[in-house]
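Take a moment with the picture before reading on.

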Amino acid sequence: LSCRSVNHRMSCNLCRSNSTMCTLQDAPTAKLPDLNPESSESIARALEAIDNPQQSLCKLAESIQRLLQDISALDQAREMYDSETVSGMHDRWSKVYGELISKTDPVVFNVSKLPDIYDCSRYDSQHNSISEIQDTLKEVFELSKWFANIVIPQEYGMTKTEKVSIARKISAKLRAKLIRNLRVAARLPLDDAAAQDSGASHDPSAQTNRFNPKASGFLDTQVRSPERFVRTRIYVTSESHCYAMMELLRNGGYDELVRTCPAKSCVASTSNRPTQPCRTSNNTLLSG
């Protein structure tokens, strides 16, 4: 799969979710297996909490409208987190609200914007905890959280086959980097592709992943064993890469690996975990 085809498939998945959820009127989500074809526990919990998508979407839109009114009533001179102004906060919420609902009659909801609303509500809950807007913000946060736990997983595939195919493409470079570094740390020979990419030798003893004593300020670091191989690495990556790695562990056919893994309880628990917020945020992976 090319990056363009992956993006196209992810967009198609969002369109399918949008079409299914927005064509509902009074049907409870428990009767709609199309929204949870793989019977995910986290999605099932979110569907149960929402119950009626159409009514819940209308309730969410009303809550955002009240939130906008509450923000407008704030002192305009009040400084928000990271030097954001009250008017800037209002504009941010006005934008996501305008993208969520159409101006047609009847109103049509754009479900693909629900994760953005969740991101905004979580951001303000953490950084702009203001008593005047707290109650309304909490309503928006709770509702958008359940919707995000349905929509974001659908973006990465509806079936196991789709999830694995998309996840493999998204996480390909990260997985290759992790594997290479693990082999270096274990002093195992690298394959041709990894050696060519890194410029390293196939001979484990010739690998030079060590501290550089000539680096500026090295003598001031008080490193007690500068001759040792570097075995701890920090990876800063995106939420999509982390989620893709989780999807591979869940659906990639690694049952035997999970069964024999010392941390199998941690790996197995990913199947019950809801999606994480802030899809575009940076995440740090620490490999020892």
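Start with helix α4 (residues 86-100) and helix α5 (residues 114-127) in this predicted model. Their axes come within 9 Å and cross at roughly 155°. Angles over 145 degrees count as roughly antiparallel, so α4 and α5 are roughly antiparallel to each other. The crossing in which α4 passes α5 is left-handed.

Which residues in α4 and α5 meet? From α4 come M89, R92, W93, V96 and L100, and from α5 come L114, I117, C120, S121, Y123 and D124. Sort the residues of this contact by class and you get 8 nonpolar, 1 polar and 2 charged.

Now hop along the chain to another pair. Helix α8 (residues 172-185) packs against helix α10 (residues 239-251) at an angle of about 75°, and the axes are 10 Å apart. An angle from 65 to 115 degrees counts as roughly perpendicular, which is why α8 and α10 are described as roughly perpendicular to each other. On the α8 side, L174, R175 and L178 take part, and they meet H241, M245 and L248 in α10. The residues of this contact split into 4 nonpolar, 1 polar and 1 charged.

Why give two values for each pair? Two packed helices are described by the angle between their axes and the distance between the axes. Here are both pairs in one place:

| Helix pair | Angle | Axis distance |
|---|---|---|
| α4 and α5 | roughly 155° | within 9 Å |
| α8 and α10 | about 75° | 10 Å |

Stay with α10 for a moment, as N251 has its place in this helix. Is N251 buried or exposed? Buried means under 20% relative accessible area, and N251 has 18%, so N251 is buried. Leave aside the neighbours within four places in sequence, and N251 is in contact with K160, K163 and V164.

Finally, zoom out to the whole chain. How many helices and strands does the chain have? There are 12 helices and 2 strands. Reading from the N terminus, the elements run α-α-α-α-α-α-α-α-α-β-α-α-α-β. Of the 288 residues, 40% count as buried. The chain exposes about 16,500 Å², and carbon and sulfur atoms supply 52% of that area. As for contacts with a separation of 6 or more, 69% of them are between residues 24 or more positions apart.

Definitions and conventions
Residues numbered from 1 in each chain as written. Predicted model: local features only at pLDDT ≥ 70, side-chain atom pairs only at ≥ 80, totals over all residues. Heavy atoms only, no water. Axes fitted to C-alpha atoms, helices over the stretch in contact; angles between N-to-C directions. Helix = DSSP H or I, 4+ residues; strand = E, 2+ residues; numbered from the N terminus. Parallel < 35°, antiparallel > 145°, perpendicular 65-115°, else oblique. Contact = heavy atoms within 4.5 Å. Nonpolar A, V, L, I, M, F, W, Y, C, P; charged D, E, K, R; others polar. Buried < 20%, exposed > 50% of the residue type's maximum accessible area, 1.4 Å probe, protein only. Areas by Shrake-Rupley, 256 points an atom, 1.4 Å probe, with all protein chains shown as cover. Left-handed = near helix turned anticlockwise from the far one by under 90°.
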